[in-house]
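Dear colleague,

Please find below the sequence and the structure that I am handing over to you.

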Amino acid sequence: DWMIMEIIQANNWRKPIYFAVTVSNNNKLGLDEYLKMEGLAFRLYPQKVDSRLDLEKTRHNLWNVYKYRGLTDPTVYKDPNTRKLISNYNAAYFQLALKYYNELKQPEMAIKTLERADSLVGIQRQGGYRLMAQIYVSMKQYDKAIEKLKKSLELRPRDWPALITLGDLYNRIGAKQEAIQVFEKIINLTPRNRQEYQIRAQSFMMLERLYNQKKDYDKLSLLLQRWLKINPNDKHARKRLELYYE
């Protein structure tokens with residue numbers, strides 16, 4: 001920390017000072033409000049920045065400066081540390097895409113940014129296809145959103161967030177049977193963490209609603225019985241089960 005402060009004071013803003021994106025927050029001296037991303041580095045400013053990302057410089061670096069040789073070539077060996085470092089390219093592309101999507105309301109540019117990242121680096125491991133699906137949904141391009149979610153699931157069949165998003169999307173466009181199939185798949189999986197437990201619980205609720213809409217009370221009763229085996233103290237579910245039996 002003293003070394004960093006000495007560099008900043010001795011430089012006195014004569015030359016730009018950068019922190020690599022790989023630097024941990026603990027080693028930034030609480031300067032986050034003075035740092036602006038320019039791709040794979042944060043530039044330090046003497047005053048608080050109005051935006052955490054410099055759109056023009058980040059895009060210029062990602063498009064025209066950085067080299068991506070061999071990153072998606074499966075014949076080039078990459079050890080775990082290298083794969084982790086490569087994910088920093090994705091982080092920069094994702095931040096740029098979110099800037100286009102959330103702040104500038106330019107979903108087409110966000111998609112273009114993510115497509116470039118996928119072709120050069122590969123975005124499936126960082127949830128990139130789910131993000132693309134979210135953007136396509138906002139554009140009402142549901143077929144493309146479903147395509148991206150399915151692509152994510154081909155590579156990672158246990159991608160729980162992609163599964164619940166796909167089920168919700170099928171339900172949203174009226175493809176009830178496809179939605180049921182997805183939610184049934186989710187509740188048949190064994191959750192391994194809190195997020196997956198929550199997704200499975202949400203899938204039970206969605207299935208109950210769908211079976212109720214179809215008036216398929218036999219499957220609805222079986223579903224609630226299954227839920228009560230997992231959550232025997234759920235009084236509301238027990239009351240609903242008694243109601244359906246009546």
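Predicted model: local features only at pLDDT ≥ 70, side-chain atom pairs only at ≥ 80, totals over all residues.

The model contains an open sheet of 3 strands, arranged in the order E1-E3-E2 with antiparallel pairing. Its edge strands are E1 (18–20) and E2 (35–37), each of which pairs on one side only. On average, neighbouring strands of this sheet are turned by 30 degrees against each other, direction ignored. Strand E3 (residues 41–44) and E1 pair in the antiparallel sense, and 3 bridges join them. Within this part of the structure, phenylalanine 19 stands opposite phenylalanine 42, which belongs to E3.

Two lysines with positive phi

Lysine 105 is not a glycine, yet its phi is positive, at about 55 degrees. This residue is located in the loop between helix H3 (80–103) and helix H4 (107–120). Lysine 105 counts as exposed because its relative accessibility is 61%, and the cut-off for that class is over 50%.

Lysine 140 is likewise a residue other than glycine with a positive phi, here near 60 degrees. Its place is in the loop between helix H5 (128–138) and helix H6 (142–155). With a relative accessible area of 61%, lysine 140 is exposed.

With kind regards

Notes
Residues numbered from 1 in each chain as written. Heavy atoms only, no water. Helix = DSSP H or I, 4+ residues; strand = E, 2+ residues; numbered from the N terminus. Buried < 20%, exposed > 50% of the residue type's maximum accessible area, 1.4 Å probe, protein only. Pairing = 2+ DSSP bridges. Axes fitted to C-alpha atoms, helices over the stretch in contact; angles between N-to-C directions.
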